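Colleague: I would like to go through the packing in this protein. Please show me the model before we start.

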Amino acid sequence: MPYCEVDRYADGDKWEGVRLFYRRYGRGATKVLLIIGLAGTHDSWGPQIKGLTGSLEPADDEPTRPDEEAGAGAAGAAEAAPADGDDAGGDGGIEVCCFDNRGVGRSSVPPNKSYYSTEIMAKDALALMDHLGWKKAHVFGHSMGAMISCKLAAIAPHRLCSLALLNVTGGGFQCFPKVDGQMLSLAFRFLRAKTPEERALVDLETHYTKEYLDETVGSSTRRMILYQEYVKGISSTGMQANCGFEGQINACWTHKMTTKELDTIRSAGFLISVIHGRYDIIAQLCHAKRLAERLLPAARMVELHGAHLVSHERPDEVNNAFMDLIKASKSAMKPEEWSAQPENVSETGALISTGPITVTMRTDEGANAANAAVAVYNLLGKLQLSFLYLIGVIVMGFEHMRNIVKVMKPVRVAAIES
């Protein structure tokens with residue numbers, strides 16, 4: 001199995017033995033690194049791997065052709081790679097690499113949350129690129145993976161050909177989902193989920209729109225088909241370890257992009273796509289729009305009809321957005337040209353917005369609801385990580401009280417007639 005060994009320092013102590021499990025697909029001089037989000041594994045990128053390479057067959061064990069620059073991690077192999085990471089003069093193919101972040105799947109699970117941050121995980125991704133011998137790559141991230149991608153772009157902008165951010169937020173309080181009855185119910189059920197079946201039910205409602213789940217596919221619904229796939233997938237990799245989940249949550253809630261880092265990304269010269277499902281209840285659209293605005297003129301905002309896993313719900317549109325970004329990068333399109341294209345609503349429902357972006361709150365439920373939402377966001381901005389743990393404490397306390405009540409509940413004894 002392909003693994004990349006990573007050493008990382010945290011809190012002054014060296015944590016040795018972090019191994020990242022990865023997979024490579026396709027062959028070609030154009031390199032694409034896919035970084036998945038919270039609690040996700042590498043195979044969550046299936047629709048994008050298929051769309052970019054034409055196959056879901058791993059290429060890890062195939063012999064490397066002499067005309068390809070990807071090596072096994074030696075410095076000499078890195079020197080042999082094309083300077084731009086694209087297929088100028090190459091075979092025109094695309095090679096994709098995706099991996100399990102630390103804390104999930106087949107990768108190592110460091111025991112302490114201090115071993116997790118988006119910067120640490122960005123350096124993991126950079127180490128993987130070195131291991132593969134990739135000088136540059138198109139870096140595409142989803143959710144937490146998009147936060148990691150932002151950090152990678154700020155740390156090593158010279159290693160990126162382009163940057164795509166799917167369902168991204170700016171971290172911290174922006175990670176907190178839309179607050180309503182549905183979300184509170186989902187959060188409660190997620191924290192209580194102990195089996196793959198329980199976890200799958202919550203994941204489906206969190207990741208997809210109800211409209212998509214209720215679609216009929218043959219004699220079944222998409223909800224039932226996806227449920228079976230989710231249970232199978234979770235069962236094969238196992239439920240994520242608590243310390244891995246808590247560590248990745250910590251990475252999300254402590255993530256922050258400084259003005260200097262955003263300036264570095266914006267001025268690096270590569271093109272950026274911010275792609276988002278407009279009905280995402282986890283990573284809200286307004287935060288993605290705000291980030292895209294801060295990355296102008298290099299960034300283009302692409303809205304799609306979908307939820308948090310818009311990469312699965314609208315794979316063709318997402319893959320087309322990826323290919324547009326790759327092609328524009330290869331043609332050396334200037335950032336101003338990339339972001340100056342007019343607004344366009346495609347037949348599939350994609351909205352490309354590239355001028356100055358005005359972030360507005362939805363007012364479908366009235367101005368009072370909008371004002372209340374703003375007040376909640378401001379409050380969460382101060383509470384940040386502690387708020388999430390507070391919910392966990394409340395849930396655990398509730399369960400503890402239920403157990404106490406069960407134990408102390410008086411036993412009814414039938415009266416004995418004398």
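Modeller: First, a definition: a crossing is left-handed if the near helix is turned anticlockwise from the far one by less than a right angle, and right-handed if clockwise. This is a predicted model, where local features need pLDDT of at least 70, side-chain atom pairs count only at pLDDT 80 or more, and totals for chains, interfaces and linings use all residues. Residues are numbered from 1 along each chain as its sequence is written, and side-chain values use heavy atoms, with hydrogens and water left out.

Colleague: Which hand has the crossing of α1 and α13?

Modeller: Helices here are DSSP runs (H or I, at least four residues), strands likewise (E, at least two), numbered from the N terminus. Helix α1 covers residues 46–53 and helix α13 residues 315–330. Their axes come within 10 Å. The crossing of α1 past α13 is right-handed.

Colleague: Are α1 and α13 parallel, perpendicular or oblique to each other?

Modeller: Axes are lines fitted to C-alpha atoms, for helices over the stretch in contact, and angles run from 0 to 180 degrees between N-to-C directions. Under 35 degrees counts as roughly parallel, over 145 as roughly antiparallel, 65 to 115 as roughly perpendicular, and the rest as oblique. The two axes cross at roughly 50°. Therefore α1 and α13 are oblique.

Colleague: How do α4 and α10 lie to each other?

Modeller: Helix α4 is residues 144–155 and helix α10 is residues 259–266. Their axes are 8 Å apart, at an angle of about 75°. Therefore α4 and α10 are roughly perpendicular.

Colleague: Which residues of α10 make the contact with α4?

Modeller: Contact means heavy atoms within 4.5 Å. On the α4 side, Cys 150, Lys 151, Ala 153 and Ala 154 take part. On the α10 side, the residues are Glu 261, Thr 264 and Ile 265.

Colleague: Within what arc do the buried residues of α10 fall?

Modeller: Buried means under 20% relative accessible area, exposed over 50%, partly exposed in between (1.4 Å probe, protein chains only). In α10, Glu 261, Leu 262 and Ile 265 are buried. Seen down the axis, they line one face of the helix, because the arc of their directions from the axis to the C-beta atoms is 95°.

Colleague: Is His 142 buried or exposed?

Modeller: His 142 sits in strand β5, residues 137–142. Among the residues it touches are Trp 45, Leu 166 and His 308. With a relative accessible area of 5%, His 142 is buried.

Definitions and conventions: Lists of a residue's contacts leave out its neighbours within four places in sequence.
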